[in-house]
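User: Hi! Could you walk me through this one? Here is what I have open.

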Amino acid sequence: MGRFIAIVIVLVAVALAINSFLPKGDAPADQEKPPAAETDAAETDATETEAAAPAQEEASPSANEEPAAPAVIEEAEEEETEVADAKAKPADTVEPEGDTEVAAKENEEWTFVYNEIAELGNPALTAGISGKGELTAELIDAWIADEKNHEVIVPTLPLGLSLGAAEIKGLDVNPLTHAKIELGRQLYFDTRLSADNTVSCASCHDPAQGYAKDTQFGVGIEGQEGGRNSPVAYNRILSGPQFWDGRAPSLEAQAIGPIANPIEMGNTHEACVETLKGIEGYQKQFDAVFEDGITIENVGKAIASFERVIVTGPAPWDYYQQLTNFEKGYADDIADLDELKADDEELYDEYMALKSASEANPISESAIRGGNLFFSDKAGCTACHVGANFTDEKYHNLGVGMEAAEPDVGRFSETNEAVDTGAFKTPTVRNISLTAPYMHDGSQKTLLEVVEWYAKGGHPNDHLSKNVKKLELTDQDKQDLVNFMAEGLLGEFPKVETARLPK
Ligand code: HEC
Ligand code: HEC
């Protein structure tokens, strides 16, 4: 344990040092990020070893006080050796070509690059294999030969989602590496996983449509339709069981489901594995990433890794929250700004940075009112849409679709508990404006329609959640709620290469 703590302390110190190198406003996710948000990794550790990092404690009373993530901490020990290894290597081996911002730093400490790539949302993670044009055998060989691409990445989350660092899922059993993420990226966009080479994951979870699909139901091979709407495939790193009814215990288990689903990709797992074995570029990458090469489980692991790095970037509400929390925490200090500047320039600068970050990502008065309403008892949305990703990851009956003669029983099919009849998993509402239509059956076309649904108290049925009841909302309240979700919670996705697959 002593050794463990020592390692954590070293890591914190390293992380702090790295952060002091970071030029302000040069953050990877192209957002100008205030200093407090840049120290997620350090803070995750710092909460474990409070004494070791007092500076972190006082850095900001705001958004980022998160408990340590068990998965991440467990890996901290492994991390030590990687850090040591990495030190021996030149800095420029990790980032893909063409990323000039990163490349320009190649003469700085290796740690700079290593830390930078670990922040999810960094496009370097999803830019595809280094190089341009067709994915040749030479490019793949060079990629898998580069040890840096196989190092375990201990990720940090962008502002907003960073509050959920303690809920990071799955990395203990399926650690992230750049090579695995990239392999997953290729598989995600590859129609060859389907029986007739027409459908990929992206067909129903399209980056151009918020990693969901604008059709009411998913449309699989030969135009077949199921009875459920395609949910989003982002922010999965904070999510455990998958599907509207939670029937897949993990993202890995979920990822191989659609391949063999007759109305989705219509393939068999055996045939899919055979197809991949026939593609040299995949064969090479699987052999390099996994001890047992191409198996269907490894397909799941690779795809899950790619999905875990697709996260929503900071939204205007996140910047606004960060600023207001600071203003509350330092109300006395900021009462006289001239005095603050003279007495504590660092705190003054931090405040100015938070202010300008919020101004650069403006939020309307209506969206702010909507946000306050969302969190209030009057609307009660946070009874279920809570936490960094605005979901409790639990199952509730709102009465959606319950008027049907034979309604979709939802979670009941997993638990056989009457209370779960017609209950579905709470979806995130981050970036929700990109993914209409809404609800498990895609029955609601606009966010206003959804809000109206809640206002009238859902649809009465025997199993209606007790947290769904008639709300006293004015038209303005409703519009405010819509604006909060549509505008206040809209953040950027990382840039993702959608082509460049092995031949
Ligand atoms: C034909 C359309 C279609 C294809 C192809 C498809 N999906 Fe889905 N996906 C859906 C639908 C519909 C659901 C919801 C099904 C349910 O809950 O029963 C879903 C659920 C999911 C979920 C669960 C999200 C959550 O909130 O629980 C994830 C993750 C996901 N899909 C990823 C993938 C991946 C990865 C692939 C490729 C291997 C893929 N999907 C292929 C339509 C599709
Ligand atoms: C009792 C828990 C609960 C409460 C309270 C709640 N929600 Fe939901 N929300 C859910 C569940 C569960 C779903 C999916 C239901 C379904 O498809 O049958 C959902 C769906 C949504 C969707 C559609 C998401 C999508 O991807 O289809 C939006 C938007 C939404 N809720 C916003 C709100 C707002 C705004 C409030 C407050 C007025 C609120 N919710 C209150 C649990 C809740």
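This is a predicted model: local features need pLDDT of at least 70, side-chain atom pairs count only at pLDDT 80 or more; totals for chains, interfaces and linings use all residues.

User: How many residues surround ligand 1, and which are the closest?

Analyst: There are 26 residues around ligand 1. Cys 201, Cys 204, Gly 218, Trp 244 and Pro 258 are the closest.

User: Which helix gives the most to that shell?

Analyst: That would be α11, with four residues. Helices α10 (201–204) and α11 (251–260) each supply at least two residues of the shell.

User: OK, on to ligand 2. Which residues come nearest there?

Analyst: Cys 381, Cys 384, Val 400, Tyr 438 and His 440 come nearest, out of 27 residues around ligand 2. Two elements give two or more residues to this shell, α21 (447–455) and α22 (475–488). The largest share comes from α21, with four residues.

User: And what's the split by class around ligand 2?

Analyst: The shell around ligand 2 holds 19 nonpolar and eight polar residues, and no charged ones. For ligand 1, the charged count is five.

User: What share of the contacts comes from residues 24 or more positions apart?

Analyst: Among contacts with a separation of 6 or more, 73% are between residues 24 or more positions apart.

User: Let's look at some helix packing. At what angle do α8 and α13 pack?

Analyst: The angle between α8 (residues 137–145) and α13 (residues 280–289) is about 5°, and their axes are 10 Å apart. Because angles under 35 degrees count as roughly parallel, α8 is roughly parallel to α13.

User: Which residues meet there?

Analyst: From α8 you have Ala 137, Ile 140 and Ile 144. They meet Glu 280, Gly 281, Lys 284, Gln 285 and Ala 288 of α13. By class, the contact has four nonpolar, two polar and two charged residues.

User: Nice. Now α14: is it mostly covered or mostly open?

Analyst: Mostly covered, as eleven of the 13 residues of α14 are buried.

User: What span should α14 have at 1.5 Å a residue?

Analyst: The 13 residues of α14 (residues 296–308) should span 18 Å, and the end C-alpha atoms are 18 Å apart, so the two agree. The check also works for α15 (residues 316–329), where 14 residues should span 20 Å and the end C-alpha atoms are 20 Å apart.

User: Which residues of α15 are buried?

Analyst: The buried ones are Pro 316, Trp 317, Asp 318, Tyr 319, Tyr 320, Gln 321, Gln 322, Leu 323 and Phe 326.

User: Changing topic to backbone geometry. Where is the cis peptide bond?

Analyst: The bond from Ala 436 to Pro 437 is cis, with omega near -5°. Pro 437 sits in the loop between β4 (424–425) and α21.

User: And which residues have a positive phi without being a glycine?

Analyst: Asn 235 has a phi of about 55°, and Glu 393 has one of about 60°. You'll find Asn 235 in the loop between α10 and α11, and Glu 393 in the loop between α19 (365–374) and β3 (395–396).

User: Are those two buried or partly exposed?

Analyst: Asn 235 is buried, with 24 other C-beta atoms within 10 Å. Glu 393 counts as partly exposed, with 18 C-beta neighbours inside 10 Å.

User: Last one: how far apart are the C-alpha atoms of Ser 250 and Gly 170?

Analyst: They are separated by 7.6 Å, although the residues are 80 apart along the chain. Ser 250 lies in the loop between α10 and α11 and is partly exposed, with 19 other C-beta atoms within 10 Å.

Notes: Residues are numbered from 1 along each chain as its sequence is written. Chains are lettered from A and ligands numbered from 1 in the order in which they are written. A residue is near a molecule or strand if its C-beta atom, placed from the backbone, lies within 6 Å of it. Ala, Val, Leu, Ile, Met, Phe, Trp, Tyr, Cys and Pro count as nonpolar, Asp, Glu, Lys and Arg as charged, and the others, Gly among them, as polar. Two residues are in contact if their C-beta atoms, placed from the backbone, lie within 7 Å. Axes are lines fitted to C-alpha atoms, for helices over the stretch in contact, and angles run from 0 to 180 degrees between N-to-C directions. Angles under 35 degrees count as roughly parallel, over 145 as roughly antiparallel, 65 to 115 as roughly perpendicular and the rest as oblique. The expected span of a helix is 1.5 Å times one less than its number of residues. A residue is buried if 20 or more other C-beta atoms lie within 10 Å of its own, exposed if 12 or fewer, and partly exposed in between; C-beta atoms are placed from the backbone.
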